[in-house]
There are 2 protein chains.
Amino acid sequence: MAGIQRKVAIGIDLGGTAVKIGILNRAYDLLAWTSIPTRAARPCAEVVADIGQAAKALLRDNGYTCADCIGVGIGSPGTVDSQSGIVLYSNNIRWEQVPLAAMLNKYIPVPVFASNDANCAALGEVLKGAAAGCKNAVFLTLGTGVGGGIVIDGKLFEGGHAGGVEPGHIRIGSEGRRCTCGRMDCLEAYASATALIRDAKEMAAQHPASLLWELCGRQLEQMDAKMPFDAAQAGDACGKKLTARYIGYLADGITDLVNIFRPDIVVLGGGVCAQGETLTEPINRYLRENCFGGPVAHIPRVVVAKNGNHAGMIGAAGLLDGHGVWDA
Amino acid sequence: MAGIQRKVAIGIDLGGTAVKIGILNRAYDLLAWTSIPTRAARPCAEVVADIGQAAKALLRDNGYTCADCIGVGIGSPGTVDSQSGIVLYSNNIRWEQVPLAAMLNKYIPVPVFASNDANCAALGEVLKGAAAGCKNAVFLTLGTGVGGGIVIDGKLFEGGHAGGVEPGHIRIGSEGRRCTCGRMDCLEAYASATALIRDAKEMAAQHPASLLWELCGRQLEQMDAKMPFDAAQAGDACGKKLTARYIGYLADGITDLVNIFRPDIVVLGGGVCAQGETLTEPINRYLRENCFGGPVAHIPRVVVAKNGNHAGMIGAAGLLDGHGVWDA
């Protein structure tokens with residue numbers, strides 16, 4: 001069983017609540033995975049120690065040694081300097097200047113690469129997912145915030161400097177919504193699941209006859225991002241207005257990104273993408289009508305992500321792509 | 001005098017009114033140049049024939065032969081497929097599907113490369129200009145429209161498909177201004193010289209006591225993009241309001257582009273950039289306060305272009321960079 005066929009990579013998705021750790025082969029098939037609680041309030045050294053030990057245990061439990069592992073990729077929330085593997089700042093896990101790659105390398109003595117989690121998810125969809133076979137892709141994840149990743153010529157584009165490639169932080173709205181980044185009216189302030197829930201709560205409070213009230217059990221704090229779509233589906237006027245506005249802002253942000261990157265494909269991930277074509281078809285229509293160059297230019301398809309909850313692990317392992325470690 | 005030192009390139013700036021043709025050495029010094037009228041209403045074959053003959057005459061008049069010329073770069077307005085050298089569509093010169101590079105190659109039998117004119121200007125500022133020595137740059141030209149070019153890792157980024165990289169066509173305003181591209185509220189509809197002149201005319205018409213009225217000789221059609229800045233400088237309230245609004249929209253668009261590309265530098269070209277630090281200093285302040293990541297992330301400087309009216313020729317010749325023709 002020894003030999004090159006046994007070579008595997010570790011892909012790690014570091015989240016605010018849980019850390020998912022996976023073993024992947026060169027085709028980025030997820031062979032085995034585990035999950036441990038992050039408990040991010042602890043000192044970061046303890047978090048990293050748990051990750052390192054869980055990764056080694058996962059290898060061992062599945063019949064692999066560290067020698068079978070060609071490298072580790074890890075995606076972290078926040079601003080990550082992928083050159084140095086340092087998490088510069090993460091609001092989500094409250095880290096600042098944490099040399100994640102170097103710390104992890106002490107537990108698993110193989111090349112370790114780190115990047116932003118949305119960047120990893122973008123790469124995962126290109127290597128094995130909705131954008132498979134595409135060289136240029138724009139990825140947006142619609143969750144607590146609006147994360148994003150850009151793949152150019154098959155490679156992750158991480159900006160000229162750390163802190164780059166935050167397509168959720170382009171100005172899109174005009175309603176005077178404060179974004180988490182401090183600026184007014186970013187795409188994230190309108191197209192995140194958080195923004196949709198905020199707007200649904202406001203709408204439900206103003207329209208107690210709306211179906212939204214029933215769907216959240218008359219408890220605003222129970223509102224989630226699916227309820228406005230469910231209400232719209234059932235013909236509720238408030239639900240229709242909310243989802244149309246949400247999709248409109250998202251479509252406008254995607255049009256900006258198409259005009260800048262003109263990718264082969266646009267992939268949407270995160271919880272909201274469970275809406276599938278209810279979400280993507282109006283956006284595809286909007287792009288055809290609004291992208292620069294109209295029929296003369298290439299209009300990419302907008303599709304939903306395929307890797308789901310595994311996107312982070314697949315994409316993190318994908319960070320090893322292009323570094324020659326698979327061939328070493 | 002024969003030998004490698006004599007090798008030169010031709011850089012051509014194809015404009016709606018005039019075509020500028022220059023001879024440049026490998027350091028992108030402009031050794032000689034000429035200008036001919038475009039007369040774009042003629043069949044495109046005639047326009048290209050004139051360009052080809054003028055380029056050959058320029059070489060000859062300066063003591064060069066076609067054998068001394070290692071290649072030709074040409075920048076065209078509109079949507080250019082740089083892979084094929086075809087101008088797909090140019091509203092400015094009314095061209096559609098014109099195989100510019102191939103047509104020009106019949107007159108000068110050397111490698112010919114074509115790209116969008118703003119892309120060329122961006123490249124020119126990196127090769128020899130305000131962004132010299134930078135690997136990553138965002139360039140915006142503030143003229144009739146808002147053109148743009150992006151340099152990543154020293155290379156022009158032209159998007160995944162033709163029609164890409166139009167940073168003037170990201171949504172920025174909320175006043176309901178129709179952009180030339182058909183969409184509402186693009187950066188171009190607020191930050192072009194055309195938009196500033198439009199707003200100044202409206203403001204002057206509404207405020208006949210404003211200095212704007214005097215500066216344009218009480219003839220609105222005489223208004224230009226310098227007058228609002230002159231009025232502001234003289235303390236005129238309307239001038240101050242106009243220029244602050246203009247700079248605010250531009251700063252917001254640049255913040256979007258920094259959040260996406262995180263470049264080393266942002267360079268502003270076009271007529272409005274004659275305002276120098278009056279334009280750039282408020283934008284630099286805005287970026288420090290509004291870019292994602294704040295003090296943790298890299299905030300690029302915003303500066304004005306240095307190549308002026310030669311930017312198109314220098315950048316067009318720069319298209320030869322990275323194609324190995326200088327070393328052939």
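In what order do the five strands of the open sheet in chain A stand, and is the pairing mixed or of one sense? In this predicted model, local features are reported at pLDDT of at least 70 and side-chain atom pairs at pLDDT 80 or more, whereas totals for chains, interfaces and linings use all residues. Residues are numbered from 1 along each chain as its sequence is written, chains are lettered from A and ligands numbered from 1 in the order in which they are written, and side-chain values use heavy atoms, with hydrogens and water left out.

The order is E11-E10-E9-E12-E13, and the pairing is mixed. Helices (H or I, at least four residues) and strands (E, at least two) are DSSP runs numbered from the N terminus, and two strands are taken to pair if DSSP finds at least two bridges between them. Strands E11 (155–157) and E13 (301–304) of chain A each have a single partner strand, so one side of each is left without a neighbour in the sheet. From one strand to the next the twist averages 25 degrees; axes are lines fitted to C-alpha atoms, for helices over the stretch in contact, and angles run from 0 to 180 degrees between N-to-C directions. Four bridges join strand E12 (residues 265–269) of chain A to E13(A) in the parallel sense, and Ile265(A) stands opposite Arg301(A) in E13(A). Helix H9 (residues 277–290) of chain A packs on this sheet, where it touches strands E9 (137–142), E12 and E13 of chain A. Contact here means heavy atoms within 4.5 Å. The direction of H9(A) makes about 165 degrees with that of E13(A).

A further open sheet of chain A has three strands in the order E5-E6-E7, with antiparallel pairing. Its edge strands, E5 (79–81) and E7 (95–98) of chain A, each pair on one side only, and the twist averages 15 degrees from one strand to the next. E6(A) and E7(A) are joined by three bridges, with Val87(A) opposite Val98(A) in E7(A).

In chain B, strands E2 (residues 18–24) and E3 (residues 30–37) pair in the antiparallel sense over seven bridges, and Leu24(B) stands opposite Leu30(B). The two strands form a hairpin with five residues between them, and Tyr28(B) in the turn has a positive phi of about 60 degrees. Asp29(B) forms a salt bridge with Lys128(B) (2.8 Å, N to O), the criterion being a side-chain nitrogen of Lys or Arg within 4 Å of a carboxyl oxygen of Asp or Glu. This pair connects the loop between E2 and E3 of chain B with the loop between helix H3 (117–127) and strand E9 (137–142) of chain B, 99 residues apart.

The contact between the chains takes 38 residues from chain A and 38 residues from chain B. The area buried between them is about 3,300 Å², of which carbon and sulfur atoms give 59%; buried area is the accessible area (1.4 Å probe) that two parts lose on being put together, summed over both. Arg183(A), Ile260(A) and Phe292(A) supply 21% of the area that chain A buries against chain B, more than any other three residues. Six salt bridges are found across the interface. Arg183(B) forms a salt bridge with Asp256(A), with the closest N and O atoms 2.8 Å apart. On the side of chain A that touches chain B, strand E6 (86–90), helix H8 (237–261) and H9 of chain A each supply at least two residues, and H8(A) gives the largest share, seven residues.
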